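Hello,

Here is the structure for your files. My notes on the helix packing and the core follow below.

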Amino acid sequence: MDSTETISRAREMVLEGKYEEALLLCEQALSADPENPDLWNGRGSALRSMGRYEEAAACFNRALEIDPRDRAAS
């Protein structure tokens, strides 16, 4: 599964309430592609949905460090 598919699948999982699965999927993909801001946003979305706000903010900030014009970083 490439990064685009991973991000899409992680978003679906978050919408389905499968936060842990989405988080794991993003973390696995980040190990192979750590400079992908969309993966950081996906990880942040999963964490935010789990109420882990500080960790989520760190992920969104990392996405912005990688791409300061990233409009998806919440």
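Contact here means heavy atoms within 4.5 Å. By that rule, and leaving aside neighbours within four places in sequence, A22 is in contact with A10, M13, V14 and A46.

Some ground rules. This is a predicted model, in which local features need pLDDT of at least 70, side-chain atom pairs count only at pLDDT 80 or more, and totals for chains, interfaces and linings use all residues. Residues are numbered from 1 along each chain as its sequence is written, and side-chain values use heavy atoms, with hydrogens and water left out.

Helices are DSSP runs (H or I, at least four residues), numbered from the N terminus. Axes are lines fitted to C-alpha atoms over the stretch in contact, and angles run from 0 to 180 degrees between N-to-C directions.

First pair: α1 and α2. Helix α1 spans residues 3-15 and helix α2 residues 19-32; their axes are 8 Å apart, at an angle of about 165°. That makes α1 roughly antiparallel to α2 (the label applies to angles over 145 degrees). The crossing is left-handed, that is, the near helix is turned anticlockwise from the far one by less than a right angle. On the α1 side the residues are T6, R9, A10, M13 and V14; on the α2 side they are Y19, E21, A22, L25, C26 and A29. This contact holds 8 nonpolar, 1 polar and 2 charged residues. Ala, Val, Leu, Ile, Met, Phe, Trp, Tyr, Cys and Pro count as nonpolar, Asp, Glu, Lys and Arg as charged, and the others, Gly among them, as polar.

The axes of α2 and α3 (residues 37-49) come within 9 Å and cross at roughly 155°. These helices are therefore roughly antiparallel, and their crossing is left-handed too. From α2, the residues include Y19, A22 and L23; they meet α3 residues including L39, W40 and G42. By class, there are 10 nonpolar, 2 polar and 2 charged residues.

Now the core. A nonpolar core is a set of buried Ala, Val, Leu, Ile, Met, Phe, Trp, Tyr and Cys residues joined through side-chain atoms within 4.5 Å. Buried means under 20% relative accessible area, exposed over 50%, partly exposed in between (1.4 Å probe, protein chains only). The largest such core has 18 residues, and A10, A22, L39, W40, A46 and L47 have the most contacts inside it. Helix α2 gives the most, with 6 residues.

Last, M50. It lies in the loop between α3 and α4. At 24% relative accessibility, M50 counts as partly exposed.

Best regards

Definitions and conventions
Helices (H or I, at least four residues) and strands (E, at least two) are DSSP runs, numbered from the N terminus. Angles under 35 degrees count as roughly parallel, over 145 as roughly antiparallel, 65 to 115 as roughly perpendicular and the rest as oblique.
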